[in-house]
Amino acid sequence: MIQFKKLFKEINRSICLINVDNSYCTGFFIEIPIPSKRNPLLGLMTFNCVLNEKRLKSDKSFTIVMACKEDEKIEIKMKNQGFVFISDLIEITFIELSHEIIEKHKPSFLRPSKKNASNNESILIFQYPNLEYSFAHGTIQSSHGFNYYHDVMTSNGSSGSPLLNENLEVVGVHKSRSTYLSRLGNEKENMDVKIAVKISEIIYAIKVLYNNRNLEGLKRAKKSPKKLSEIQLKELSDHGIELKLKSKEIETLNNESGYNNKQLKMLGQTLFYCTFSQKELLFYRTNYAWLNWTPLISNSEKLDQNIISQINGREYALITWLKLTELMYL
């Protein structure tokens with residue numbers, strides 16, 4: 001019991017409630033081994049629907065309340081912070097905190113797990129559902145692309161909470177809950193699923209932009225993918241890549257699908273397809289990499305081999321060209 005209380009006290013220095021213009025979410029302090037383990041990034045990580053591109057401009061600020069000091073509001077002024085990363089695709093924001101904030105408030109920085117979580121692995125979430133600090137236990141249900149599906153009880157305000165394994169290492173970040181229609185035999189049933197993005201994918205994305213910060217500047221890391229010019233779109237088209245969704249298709253989807261207008265507008269500028277592939281080879285343009293079912297420049301040799309095994313020569317040449325363009329079209 002004493003050990004648990006000590007552990008809980010330490011975790012309380014790692015979790016915070018974030019308030020931006022009366023929108024709330026959970027955040028946590030994390031140590032990311034970039035550029036190295038000896039010189040890591042120390043910062044705040046959360047869900048980017050609350051801390052998004054518009055709210056991360058240098059003249060903006062927001063407040064946090066640490067779980068260990070809930071009577072004290074801490075103002076985070078963006079002009080005083082370091083490296084900033086956002087991604088609309090994985091829906092994550094990371095802000096490198098200033099030395100002044102760290103020294104004054106002494107947060108405890110969680111560490112990311114070195115390996116992905118397994119199905120049925122036990123996890124803990126410390127969170128602020130409905131603005132009330134609490135923790136809950138559950139398991140990883142399954143893994144899909146960038147995301148985990150889990151069964152931990154969450155609610156409004158839980159987005160941005162860390163998923164912790166038995167070693168209290170971060171394996172993922174809770175984003176949202178979703179309902180989908182499942183067919184079991186002749187029966188249909190609405191299934192509820194909780195979605196979290198894998199910490200390994202987040203670190204990979206941050207690493208790409210951090211390592212290229214001198215090439216394009218720090219501004220790229222905290223911006224959505226830029227809108228491509230007609231010249232750039234033509235060059236992509238000449239290589240066999242074109243936008244997947246036309247304006248009329250976006251309008252139709254807006255009326256018939258569950259996507260909101262903002263999501264469809266983003267897809268209209270970032271979702272591409274290969275014009276000469278016999279199979280539907282799709283590419284998604286983020287601010288840190290070209291993606292199909294994995295990053296084209298992945299952090300895994302196994303993933304690279306998986307991509308190569310499923311494409312033909314011309315498709316391979318196209319993917320190689322996209323790799324060589326680095327961040328030119330992002």
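Glu10 is partly exposed, with a relative accessible area of 37% (buried means under 20%, exposed over 50%, partly exposed in between, with a 1.4 Å probe and protein chains only). The partner of Glu10 in a salt bridge is Arg13, with the closest N and O atoms 3.1 Å apart; Arg13 is itself partly exposed at 26%. The model is predicted, with local features needing pLDDT of at least 70 and side-chain atom pairs counting only at pLDDT 80 or more, while totals for chains, interfaces and linings use all residues. Residues are numbered from 1 along each chain as its sequence is written, and side-chain values use heavy atoms, leaving out hydrogens and water.

Six salt bridges are found (a side-chain nitrogen of Lys or Arg within 4 Å of a carboxyl oxygen of Asp or Glu). Among them, Asp21 meets Arg55 with the closest N and O atoms 3.8 Å apart. Asp21 sits in the loop between β1 (15–20) and β2 (23–32) and Arg55 in the loop between β3 and β4, so this pair ties together parts 34 residues apart in sequence (strands are DSSP runs of E, at least two residues; helices are runs of H or I, at least four). Asp21 is exposed at 62%, whereas Arg55 is partly exposed at 22%.

Turning to the rings, the structure holds four aromatic pairs (ring centres of Phe, Tyr or Trp, the latter by its six-membered ring, within 6.5 Å; planes under 30 degrees apart are stacked, over 60 edge-to-face, the rest tilted). One of them, Phe126 with Phe135, is stacked at 5.4 Å centre to centre and 25° between the planes. Phe126 is buried at 5% relative accessibility, while Phe135 is partly exposed at 38%.
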